[in-house]
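Please keep the sequence and the structure in view while reading.

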Amino acid sequence: MAAFVNGIARWARNTIKDSFLRIGVDVRTLDHTEGGILRRLLEATRPAAVLDVGANIGQYARQLRAVGYRGTIVSFEAVEAIHARLVLAAQEDPAWIVAPCLALGSAPARSSIKVSANTVSSSLLTVLPASVEVAPLSNQIDVQLVEIARLDDVLPRVLPSGGDLFLKIDTQGYENEVLLGARGTLARTTALQLELSLTPLYAGAPVMWEMIRNIEERGFELFNLVPGFRDPATGRLLQADGFFVRSLKSADS
C-alpha cells in the first residue's frame with residue numbers, strides 16, 4: 001500500500017512539474033502559495049487584462065497588484081452596497097475598471113441575489129445548511145433584485161481593446177453559469193482561476209469534479225490547486241481554488 005501511495009505522489013509531482021515546464025517555469029523555484037502561483041501564471045501568460053468576476057470589495061485586485069501585475073483589471077460585483085465600496089477602492093488605480101453593478105450568467109435575466117452576513121458568500125443560489133453550519137456568517141440576511149448579463153455582452157462595452165485574458169470567477173456556486181455566457185471571452189482566455197467546491201455548499205451548484213470536467217471540455221487543463229475553505233472543527237477541505245491553462249491540444253487545433 002505504501003508503495004502505491006508513493007507512486008501516486010510521484011506521478012502527481014511529475015505531472016505538475018511537466019505542466020509548469022510547458023509554459024517555461026521551473027517548479028523548483030516556485031512559490032506554491034496562491035500568490036506565488038498567480039504571479040508565475042501572469043508572468044508566463046502576460047494577459048492584456050485580468051477579469052475579476054465576483055470582486056466583492058476588491059481583495060483580488062489588490063492581490064494582483066501585490067504580486068506585481070500592472071496591467072488592466074476589470075472587476076464585476078452584483079451587490080449594490082458592495083459595488084459602491086469597490087468603485088471607491090478602484091479610484092486611485094487608473095488601470096482598474098469597475099463594470100456596472102450586475103451579475104453575470106448564461107443569459108440576460110433578472111433574479112434575486114442572496115446577500116450573506118459576510119458579503120463574500122453572497123450568491124444567486126441558496127446557501128445550504130452545510131455551509132452555514134461551518135461558516136455561520138455565510139447565512140442569508142437580505143435579498144436584492146439584480147440584472148444578469150452575459151460576460152460576452154458586457155465585456156466589449158467596458159474593455160473595447162483586444163488581447164489575451166486571465167479570467168477569475170468566484171461567484172459562490174454560479175461559476176458554470178458565468179462560463180456559459182462567456183464562450184467568446186473564453187476564446188481569448190489563456191488561464192482561469194475558479195473557486196471549486198469539494199462538497200455541495202449551494203443548492204444546484206456543480207461540485208469540483210464536475211467543474212473540472214466542464215473546464216476540460218472547454219479546452220483547458222488543470223494546472224494547480226490551492227486549498228481554501230475548511231471545516232474548522234474537522235479540518236475537512238470544502239473548497240479550493242483551481243488554476244487552469246489552455247491545453248496544448250486546444251491551442252494546436
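Which residue in β3 does Val74 stand opposite? Val74 stands opposite Ile97.

## Basis of the report

The model is predicted: local features need pLDDT of at least 70, side-chain atom pairs count only at pLDDT 80 or more, and totals for chains, interfaces and linings use all residues. Residues are numbered from 1 along each chain as its sequence is written, and side-chain values use heavy atoms, with hydrogens and water left out.

## The chain as a whole

The protein chain contains 10 helices and 10 strands (DSSP runs numbered from the N terminus: helices are H or I with at least four residues, strands are E with at least two). Of its 253 residues, 48% are buried (under 20% relative accessible area, with a 1.4 Å probe and protein chains only).

Among contacts (heavy atoms within 4.5 Å) with a separation of 6 or more, 67% are between residues 24 or more positions apart.

## Strand β2 and its neighbours

Strand β2 (residues 72–76) is largely enclosed by the rest of the structure, because four of its five residues are buried. Strand β1 (residues 49–53) pairs with β2 in the parallel sense over five bridges (pairing requires at least two DSSP bridges between two strands). Val53 has Phe76 in β2 as its bridge partner. From β1 the chain passes through helix α3 (residues 59–66) to β2 in a right-handed β-α-β crossover (with the strands pointing away from the viewer, the path from the first strand over the helix to the second runs clockwise).

Strand β3 (residues 96–98) runs parallel to β2 and is joined to β2 by three bridges. Helix α4 (residues 80–90) lies on the path from β2 to β3, and this β-α-β crossover is right-handed.

How values were computed:
Buried means under 20% relative accessible area, exposed over 50%, partly exposed in between (1.4 Å probe, protein chains only).
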